[in-house]
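Hi everyone, thanks for coming along. I'd like to walk you through a model I have been looking at, so please have a look at the screen.

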Amino acid sequence: MAKPKIAIFDFACCEGCQLQIVNLEEEILSLLGVADVVEWREAMSEKSDEYDIALIEGSITRMEDEEKLKVIRGKAKVLIALGACAVTGGVNKLKNNFDDFEEVKKCVYGKAAGKPHLRTAVTKAVGEVVQVDYAVPGCPIDRNEFTYIVRSLLMGKKPEIPEYPVCVECKAKGNPCLWQYDQVCLGPIIRAGCGACCPSSGFRCFGCRGYIDNPNVEAARDVINRFGLNLDDLKTKMVLFGSKQEPTIYE
Amino acid sequence: MSNRTVNINVHHVTRIEGHGNIVLNATNGKIEKLQWQVPEAPRFFEAMVRGRSYEDIQIIVSRICGICSISHSLAATKAVENATGIQVSEQTDKIRLLMHYSEQLQSHVLHVGYLVAPDLFGMPSVVPLVAAAPGPVKTIIGLHRLANEWSALLAGRITHPVTLRPGGMTKIPTETQLRELQDRLRQCLPDLKAVADVVLSAAGNLPKFERPTEYVALKDTRTPHYAFYHGEIASTDCAGTVAVNDWKTVANEFVSDQSTSKWAKWHRASYAVGALARFNINAELLSPTAKAVAKMFGLQKGCCNPYFNSVAQIVEAVHVVDTSIELIEELLTRGLKQEAIAVSPKAGKASAAVEAPRGILFHEYEFDRKGNCMSADLCIPTTQNHANIQKDMEKLVPEILDEPQDKIRLKLEMLVRAYDPCVSCSTHMLDVKFVR
């Protein structure tokens, strides 16, 4: 059987998720043994228009990028969204919280706001433009989860990622709950799979992996009430990676 | 006088961070168009941080860059602390510096080993190099792994640190972990030397090109050392230093008609930042081993061959390992203490500067009395290098116009790569100014 061809593309992002592929270190040699990476601008000069699997990093912020993404979708048999910017829109969606984009551009660019190259549209996740077959969440992606998903696909299996919140992994690690240390941690409503790496370092979960499909809103409310905080404290923290996303617990 | 007709259009230079194009049109020896273009999509970070808490700034702006997320996080945390009047302990300062060194090693190994080396050995990427030279490639991977594990120990994970909070660290390593790291750093020095030897064997493929250039980097006059994290702004064009809060008098950002990204200039039409700039300002403060590596390559203070930025990165890689071995000793001698973070931010505005692997980086923020961000202004190393890349190209192309087109193209691509650009970073900040 011919090795599957993988191509890696990026849109508006920090390219930190591609870097996690580089950060596989020696393991990347194993990946190269079972698949051909045919295009990867950040790391290679080789290019190809033929690929089976497209990995997409970054969110979509311009019309021309939507078109480019649709072309990639047309060529790829499998399309994988790589990282928070691609999966949910990530920090780039903070921009969408400002209702008047003209005002935002003027505020940011001053007199130059009208220049054509400064155009920007509502930030979209990849799945808001084309069909996404698989998502690797997180900012950045978790390398182990990435290799698990790629390995599953190469073996013809459907990868499954956690459907439970970060608190589960955090508790299993025996970490003290950060709510007890006055940190507004999003662990109760955010998808696990990261090994609770932030709370394990004493840093609150800020939600980079996105909400679980059925967040336990009541549990989150209980936690807020128990620690004497109001919903606004939670909303403020949810905005970082959770702007304009569904489902939310805003209502 | 050349009568060559050359048309080069590199639409998205590969093996760099972000999107950049090179366009060269020459007819009968006359250069009609020569541009370093940047078409990257802006992301409006400075607008996005408005209204966010002083506690959340680092989380957001770390995402400017995946490769230098530690530098962005450190610059942001320092600037937030400066603006809100938050003090940190000496221990915190030293641990952050040790974290910063880890990123220099990671980024330099990535750049020299994975992105530049293929050019030196005539390969399109590191992938065919694996088959051609498995030994050296594995050594490079091993060093990259070490640098990443070093980052993870101090930053909580490899990319986008999660231990930095205004006022301190949420987690510090144990003394045992630091001792283990110190051992590994000692053991990696021969590997670094081996990589230096491999690069030296192909250093003849670095183009011989020079252009007198102004170099700008941090310099610490109070406690002299090769500065990455402390100090003020220095230039090879003037004596003395400029206070970090006055960085706008250095960068003098301006809009160029031929580029979507801003350009910077100080004493000349452009200036350069990065490893070579730091070397040209602080070389005498390098560790003895790092000095020996510089000598091996014939790299001397005053070098103005931009292709030698990659050599300066190898020299710095040795230096940060040497210096970190000493820094760990210092930390262990002092003894590590668990320090609580207790802060009460005040309203204020201030800047901070750190040396990202690819050059000096400025962050400035203003906060109201509740600690919410009112404005931000960030100046990225690659923004400061764009004009210099263009000026280098303008001198280089007439010198090489008679060479085969492929060779001209390669030298132009190598020039861009030499600056180790982070185009996403630079463009995500482009033209961004608040009108108050």
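A word on conventions before we go on. This is a predicted model: local features need pLDDT of at least 70, side-chain atom pairs count only at pLDDT 80 or more, and totals for chains, interfaces and linings use all residues. Residues are numbered from 1 along each chain as its sequence is written, while chains are lettered from A and ligands numbered from 1 in the order in which they are written.

Staying with chain B, its C-alpha atoms fill a box of roughly 70 × 55 × 40 Å along the principal axes. Chain B contains 14 helices and 14 strands; these are DSSP runs numbered from the N terminus, H or I of at least four residues for helices and E of at least two for strands. Of the 436 residues in chain B, 57% are buried, where buried takes 20 or more other C-beta atoms within 10 Å of the residue's own, exposed takes 12 or fewer, partly exposed lies in between, and C-beta atoms are placed from the backbone. Among the contacts in chain B with a separation of 6 or more, 73% are between residues 24 or more positions apart; a contact is two C-beta atoms, placed from the backbone, within 7 Å.

Now zoom in on strand β2 of chain B, residues 21–27. In a regular strand, side chains alternate between the two faces of the sheet. Here B:I22, B:L24 and B:A26 form the covered face, and B:N21, B:V23, B:N25 and B:T27 the uncovered one. β2(B) is joined to β1(B), residues 6–10, by five bridges in an antiparallel arrangement, and B:V6 is the bridge partner of B:A26. Pairing, by the way, takes at least two DSSP bridges between two strands. With β3(B), residues 30–37, β2(B) pairs antiparallel over seven bridges, and there B:I22 stands opposite B:W36. The hairpin of β2(B) and β3(B) has two residues between the strands, and B:N28 takes a positive phi near 50°.

Where do the chains meet? In all, 48 residues of chain B are in contact with 45 residues of chain A. On the chain B side, α6(B) gives the largest share, four residues. By class, that side has 22 nonpolar, 15 polar and eleven charged residues. Ala, Val, Leu, Ile, Met, Phe, Trp, Tyr, Cys and Pro count as nonpolar, Asp, Glu, Lys and Arg as charged, and the others, Gly among them, as polar.

Over to chain A. An automatic or database domain assignment gives domain 1 (5–154) and domain 2 (166–242). Their C-alpha centres lie 26 Å apart, and twelve residues of domain 1 are in contact with nine of domain 2.

Chain A also has an open sheet of five strands with parallel pairing, in the order β2-β1-β3-β4-β5. β2(A) and β5(A) stand at the edges with a single partner strand each, so one side of each has no neighbour in the sheet. Within chain A, β3 and β4 pair in parallel over five bridges, with A:L55 and A:I80 as bridge partners. Thanks, and happy to chat!
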